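Student: Please take me through one part of this model at close range. Keep it brisk, and give the cut-offs as you go.

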Amino acid sequence: MTALALEVASLARRSVVRTLRQPAAVVFPLLFPVLLLAVNSGGLRAETKLPGFPTNSFLAFALAVPFIQGGLFATGNAGIDLAKDIQTGFLNRLALTPMRGIALLVGELGGVMSVALLQAVFYLAIGLVFGVRLKSGIVGGLVIILLAALIALGFAAFGAFAALRTGSTEAVNGIFPVFFVFLFISSSNIPRNLMSTTWFRWFATINPVSYLIEGVRSLVITGWDAQALLLAFGVGLGVVAAGFGLAAASLSERLART
Amino acid sequence: MNARQLNDVARGVSWRQLHNALTNPVIFIPSLAFPLLNFAAFAGGLAKVRDVPGFTFNGSYTAFQFVFVLLQSAAFSGVFFGFGVARDFETGFTRRLLLAAPNRTGVVLGYSLASAARWLITASIITAVAFAVGMKVGGDGVDLFGLYTLSLLVNFAGTLWSTGVAMRIRSQQAGPVMQFPVFLALFFAPVYVPLSLLTGWIHGVARVNPLTPVLEAERGLVSGEPTHTLLAYGVGAALVLGFTLWALGGLRRAEAAG
């Protein structure tokens, strides 16, 4: 094992153990999106009667949303864990070692990614148990989990950036709800072509989260839609690159070795 | 003498709480931002739901959702207030307050009055935004007075509920206990469509949810077609009475805890 891989593995193990020892960090991100899914799929079932609605099951339509919400929780958890390490001085002590910055960043996100994978499998299982049938089949299910992991990684990198920038758990907690704006102003509850309010449709169209949702949704209700998947993976990779870029830049400032 | 002591304590506590809330953006902004965000997402994004066959509300979807958002802001403004009470327990302020107050019931009354004053500011802003985006109201002045006083009852109930929780747990970790039941009660009501369009389990839950008649009555008042108004006021008054007993019980527990 190379030195870099060893560094990443050590920190990732610590991150995974720490996350699993906090039941609130695991249970709440699992249950809250499912609860919202239940409420919305019951309350908005009538929406399927609108002409042009793409499916007759609102549960299938809305199943994509928990994957994004799970990613948003990853933002908060990653940021709070890293901010705690800054506040307790753990990061400063690491700075005294020869550990590379990138190893720290990737390793710190290990716990979040393990929860993200658990979430994705859980949401998918809930959908299947309640009667959703994936139009893209079993392989489509695996692609959904892959896309969900990519989304969580991207959001978690932004959480890490917020933590490295501010160094405060309170600040990360305050920033976390801002990310929810992107979920609210998106195609999470209605297809973009059925949005009758122009400004909302415009915001939903420029909002990258819409394309992440539509990518997952296409695998559930459409089948293999190349355009939706290319857009979703393209946006997902873009979010990962931007998040890691910003986090790495902030990390190099915070780990400035004198 | 008792009434005067009650009044003095209530006035002092409410002034302090209101001052804190209005001078600290971290406290005030979330209680304003969440309803506005929901208003944008629901009224803007889901306007097409108004076209679902059987949607019986006499008015625009903006007015339909304005009522829910107003009710949500009233309830959550009260809940957010409980966070401050819990924080005061953690810092030791409440212990000193209970020692100094000649009439401790005035502390609970003061919390309720401050929360109501803060919510009235929030409600004014939400109302201004709703009119700015073109909401039309069918009800007259009396109907609108009824709408706001009914919401005010819900605000009192929310504050008394969260105060009771804060006084029992005396830690900010009580946050989810305060929020979660209120969240469930709000979203298990007919949020997106009238009760008659709900089907399945959510219809059964909404029918027995005490907030359903309140929401339906408020929608009746805003559209100028009052419905279930007396029932809704009865529910509102019962919630206030029940949670007053709950909050005073919490006060006794806090006193006993020393």
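Predicted model: local features only at pLDDT ≥ 70, side-chain atom pairs only at ≥ 80, totals over all residues.

Tutor: Start at H228(B), which sits in the loop between α9 and α10 (229-257) of chain B. Helices here are DSSP runs of H or I, at least four residues long, numbered from the N terminus. Residues are numbered from 1 along each chain as its sequence is written, while chains are lettered from A and ligands numbered from 1 in the order in which they are written.

H228(B) is not a glycine, yet its phi is positive, near 55°. Most residues other than glycine have a negative phi. H228(B) has 18 C-beta neighbours inside 10 Å, so it counts as partly exposed. The cut-offs are 20 or more other C-beta atoms within 10 Å for buried, 12 or fewer for exposed, and partly exposed in between, with C-beta atoms placed from the backbone.

Now step back to α9(B), residues 211-223. All 13 of its 13 residues are buried, so the rest of the structure largely encloses α9(B). Its 13 residues should span 18 Å at 1.5 Å a residue, and its end C-alpha atoms are 18 Å apart, which agrees. The expected span is 1.5 Å times one less than the number of residues. After α9(B) comes G224(B), with a positive phi near 80°.

R170(B) is another non-glycine residue with positive phi, about 55°. R170(B) lies in the loop between α6 (141-169) and α7 (175-187) of chain B. It has 20 C-beta neighbours inside 10 Å, so R170(B) counts as buried.

Note on methods: Helix = DSSP H or I, 4+ residues; strand = E, 2+ residues; numbered from the N terminus.
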